[in-house]
Protein chains: 2
Amino acid sequence: MALNASRKPVLDGEECDVSGWDMDNCPVRDVLDRIAGKWSALLLGALARQPYRFGELRRLVPDISQRMLTQTLRDLQRDGYIEREVFPTKPPSVEYRMTDLGRSLFEPLSKVILWAEANHPSVKAARVKYDESELA
Amino acid sequence: MALNASRKPVLDGEECDVSGWDMDNCPVRDVLDRIAGKWSALLLGALARQPYRFGELRRLVPDISQRMLTQTLRDLQRDGYIEREVFPTKPPSVEYRMTDLGRSLFEPLSKVILWAEANHPSVKAARVKYDESELA
DNA sequence: GATTGTTGGTCTCAAAAAGAGACTAGCACT
DNA sequence: AGTGCTAGTCTCTTTTTGAGACCAACAATC
């Protein structure tokens with residue numbers, strides 16, 4: 001415990017939280033687990049620009065399966081980030097658009113996306129470095 | 001195509017990107033897929049405060065399995081967000097700490113986390129509303 | 001001196017999630 | 001009559017995740 005003694009005590013039987021996060025009803029996990037999905041950020045990014053229809057989104061994100069597109073859109077709709085509107089045209093068309101809640105989420109989220117674009121080279125470099133040191 | 005005609009054309013055979021994202025080497029997906037994991041944000045949040053040891057992190061996030069803790073820490077280390085230092089104490093101890101790159105990522109990421117905490121009620125309300133309309 | 005605990009993991013097996021692709025119905029156009 | 005478009009669903013396979021046993025070395029306890 002010598003190492004720990006030099007730092008702030010961390011576990012005292014009651015404290016099981018990170019920065020005050022309650023693990024049993026953790027907002028961070030409850031909210032983030034959804035938008036953290038493989039496709040959520042991509043779809044939110046698209047719909048932040050303009051409304052799209054199902055098929056348009058599928059073409060926009062070519063390697064998403066119809067199954068995951070349906071499911072991710074449902075999840076985003078359920079959490080209130082996007083709306084789904086069905087137009088009773090002859091082949092019925094469905095349009096997805098962002099809600100105010102979705103836009104308010106996308107504001108900070110877009111900062112992370114921007115960071116990802118800007119720092120992609122650094123991350124790739126870190127991976128190369130790690131992989132090199134691993135094969136030794 | 002009547003619906004589409006009123007909007008900006010979206011697909012013209014060459015344009016398969018979202019806001020200029022290249023799907024074949026998409027930085028957003030490449031970077032976000034990692035930090036989007038179920039545990040990454042939680043661990044980054046913890047390590048943003050102070051360095052922690054393996055066992056401390058495990059106690060801090062009680063419902064993570066050792067397997068996923070190991071794997072997530074490795075992934076975060078590989079992408080350059082955290083560092084791993086082994087101390088040759090009698091039972092060897094390992095300390096994880098955030099890098100500068102990790103801190104620079106956590107800056108925008110923390111905004112999303114703050115949003116999640118602030119808007120958790122709205123999201124929960126949206127879910128209740130959705131579930132009610134579904135069972136009809 | 002034998003038991004127990006602590007360290008930071010790995011290994012295996014079961015369960016859950018994701019991906020691939022076929023299939024649907026109704027209508028339009030050829 | 002045949003083809004294609006719409007927005008999905010259904011099934012099957014592969015990947016990811018979770019639960020839990022197991023490991024070696026040493027420390028303190030009994």
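Helix α3 (residues 40–49) of chain A packs against helix α6 (residues 100–134) of chain A at an angle of about 115°, and their axes lie 11 Å apart. Axes here are lines fitted to C-alpha atoms, for helices over the stretch in contact, and angles run from 0 to 180 degrees between N-to-C directions. Helices (H or I, at least four residues) and strands (E, at least two) are DSSP runs, numbered from the N terminus.

Before going further, a word on the model: it is predicted, so local features need pLDDT of at least 70 and side-chain atom pairs count only at pLDDT 80 or more, while totals for chains, interfaces and linings use all residues. Residues are numbered from 1 along each chain as its sequence is written, chains are lettered from A and ligands numbered from 1 in the order in which they are written, and side-chain values use heavy atoms, with hydrogens and water left out.

Back to the helix pair. α3(A) passes α6(A) in a left-handed crossing (the near helix is turned anticlockwise from the far one by less than a right angle). From α3(A), Ala41(A), Leu44(A), Gly45(A) and Ala48(A) make the contact (heavy atoms within 4.5 Å) with Leu105(A), Phe106(A), Leu109(A) and Ile113(A) of α6(A). By class, this contact has 7 nonpolar, 1 polar and no charged residues, with Ala, Val, Leu, Ile, Met, Phe, Trp, Tyr, Cys and Pro counted as nonpolar, Asp, Glu, Lys and Arg as charged, and the others, Gly among them, as polar.

In chain B, α3(B) and α6(B) pack at about 115° with axes 11 Å apart, and the crossing is left-handed. Here Ala41(B), Leu44(B), Gly45(B) and Ala48(B) meet Leu105(B), Phe106(B), Leu109(B) and Ile113(B).

Now to the interface. Chain B places 68 residues in contact with 68 residues of chain A. The area buried between the two chains is about 6,500 Å², with carbon and sulfur atoms giving 63%; this is accessible area (1.4 Å probe) lost on putting the two parts together, summed over both. On the chain B side, Arg78(B), Trp115(B) and Arg127(B) lose the most area to chain A, together 11% of what that side buries.

The structure holds 16 salt bridges over all chains, and 8 of them are found across the interface of chain B and chain A. A salt bridge is a side-chain nitrogen of Lys or Arg within 4 Å of a carboxyl oxygen of Asp or Glu. Two examples:

| Salt bridge | N to O distance |
|---|---|
| Asp63(A) and Arg29(B) | 3.1 Å |
| Arg127(B) and Asp79(A) | 2.7 Å |

The pair of Arg127(B) and Asp79(A) runs from helix α6 of chain B to the loop between α5 (66–78) and β2 (82–87) of chain A.
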